[in-house]
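Please open the model in a viewer and keep the selection panel at hand.

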Amino acid sequence: MKTQVAVIGAGPAGLLLAHLLRAEGVEVIVVERSSADHVLGRIRAGVLERTTTDLMDRLGLGARMHAEGLPHDGFHLADGERLIRIDIAKLTGQQVMVYGQTELTRDLMAAAPERGVEIIYEAADVALHDVEGDAPYVTFVQDGQERRIDARFIGGCDGFHGPSRRAIPETVARHFERVYPFGWLGILADVPPCNHELIYANHARGFALASMRSPTRSRYYVQVPLDERVEDWPDERLWDELAIRLGPEAAAHMVRGPAIEKSIAPLRSYVFEPMRHGSLLLAGDSAHIVPPTGAKGLNLAASDVAYLSDALIRFFMAGDGDGVAGYSDKALARVWKAERFSWQLTRLMHRFPENDAFDRRMQLADLDYIASSVAAQTTIAENYVGLPL
Ligand code: APR
Ligand code: PHB
């Protein structure tokens with residue numbers, strides 16, 4: 001097979017990239033290791049920045065998101081007792097959209113056939129070749145047969161564990177990483193949310209988050225030690241812990257119900273540089289990971305792809321390679337600011353094993369300052385809604 005851009009990975013990054021390129025007439029083929037159902041089975045965060053919803057609108061694929069998504073004007077930070085509201089609409093003039101990543105992925109997948117976006121699912125042994133030159137190619141095995149796609153560029157959108165980043169030689173690679181000494185235990189349940197907005201809570205017992213997917217489906221998380229197992233957390237124990245950590249006001253409105261899904265995810269900050277090597281361009285989790293505090297993961301993937309699609313369209317339509325050459329620097333500037341925000345919010349809201357009473361007082365003083373300062377709230381709000389592209 002031959003195409004202009006071979007995209008590896010059909011997560012949000014790969015699907016958005018493929019659609020944006022296709023919409024401007026660029027040829028693209030997406031190669032995905034899993035089945036469509038498997039990709040849609042992953043439960044992930046669900047807060048979209050304006051830059052992300054704008055991309056869906058630009059593609060003309062935002063109808064279901066606007067019909068079923070929940071626009072939010074604010075969210076809360078809690079310190080165990082009170083709720084501090086961050087009024088993002090008043091402070092920034094913007095909203096965020098609560099719409100599950102799974103749903104956004106479903107919309108992009110569903111529209112692929114009619115938009116001429118070819119996706120090859122269940123491709124095994126995907127490998128990248130000759131990425132340093134201008135005729136790279138991808139090989140994989142489909143139904144037991146070896147196949148090959150020749151392309152001008154490869155979009156490496158295959159997440160943190162995919163082969164794309166590893167195709168960049170260690171001699172040019174730089175890795176930056178923080179691994180946090182705890183995870184998030186998440187529960188999804190068909191019960192109404194305890195608050196119409198999100199609550200991020202810092203309790204002496206650890207972090208908790210009250211989120212949602214719809215008016216009848218809630219998503220909650222508690223911080224847990226890394227060696228904890230899901231089996232250690234029967235539903236009742238988890239609801240009890242959430243009620244304590246989220247504070248009295250949220251607890252009073254919390255409706256309990258059986259878990260539809262329950263899992264533990266580790267937290268990590270990670271950046272890989274550079275995001276381009278020759279004809280290979282990385283986007284999304286293949287190049288960087290943020291801890292989920294602040295829900296920047298999907299939004300960063302979307303902003304990478306906004307830059308990358310512009311660069312590639314310029315290359316194919318105008319023969320101008322400057323965008324491609326500048327892609328890594330441009331994307332990384334925004335990536336690092338989102339890394340900074342997620343890291344700061346993680347440090348502010350979690351209990352770290354090494355923290356002593358002084359650190360705890362510092363967190364509480366920080367939260368008290370935020371409660372009383374419009375300047376501090378504005379800083380948080382403008383990062384939460386997403387920095388401009
Ligand atoms: N070959 C082909 N596809 C692969 C391979 C491989 N060897 N390895 C991984 N993939 C696919 C995965 O199956 C997945 O569907 O690449 C896709 C990567 O998708 P995501 O992990 O969702 O990453 P990305 O699209 O960058 O999205 C970033 O989504 O993953 C969340 O938390 C993340 O919210 C963030 C956002
Ligand atoms: C979620 O709803 O899953 C969610 C929301 C906000 C976050 C992280 C996760 O910061």
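A polar contact is a pair of N or O atoms within 3.5 Å. The model under view is predicted.

**The ligand and its shell.** Begin by selecting ligand 2 together with its surroundings: 14 residues surround the ligand, and the closest are Tyr200, Ser211, Arg213, Tyr221 and Pro292. Colouring this shell by class shows 9 nonpolar, 3 polar and 2 charged residues.

Next, display the oxygen atoms of ligand 2 and the side chain of arginine 213, where an N or O atom lies 2.7 Å from a ligand oxygen. Switching to a surface view, ligand 2 taken alone exposes 280 Å², of which the protein buries 99%.

**The strands.** Select β15 (206-214) and β16 (217-224), each of which supplies at least two residues of the shell around ligand 2. The largest share of that shell, 3 residues, comes from β15.

**Serine 214.** Remaining in strand β15, select serine 214. Is this residue buried or exposed? Serine 214 has a relative accessible area of 18% and is therefore buried, the cut-off being under 20%. Its side chain reaches the backbone nitrogen of arginine 217 at 3.2 Å.

Conventions:
Residues are numbered from 1 along each chain as its sequence is written. Chains are lettered from A and ligands numbered from 1 in the order in which they are written. This is a predicted model: local features need pLDDT of at least 70, side-chain atom pairs count only at pLDDT 80 or more; totals for chains, interfaces and linings use all residues. Side-chain values use heavy atoms; hydrogens and water are left out. A residue is near a molecule or strand if one of its heavy atoms lies within 4 Å of it. A polar contact is a pair of N or O atoms within 3.5 Å; within protein, one must be able to donate a hydrogen and the other to accept it, and residues adjacent in sequence count only if both atoms are side-chain atoms. Accessible areas come from the Shrake-Rupley method with a 1.4 Å probe; for residues, only the protein chains shown count as cover. Helices (H or I, at least four residues) and strands (E, at least two) are DSSP runs, numbered from the N terminus. Ala, Val, Leu, Ile, Met, Phe, Trp, Tyr, Cys and Pro count as nonpolar, Asp, Glu, Lys and Arg as charged, and the others, Gly among them, as polar. Buried means under 20% relative accessible area, exposed over 50%, partly exposed in between (1.4 Å probe, protein chains only).
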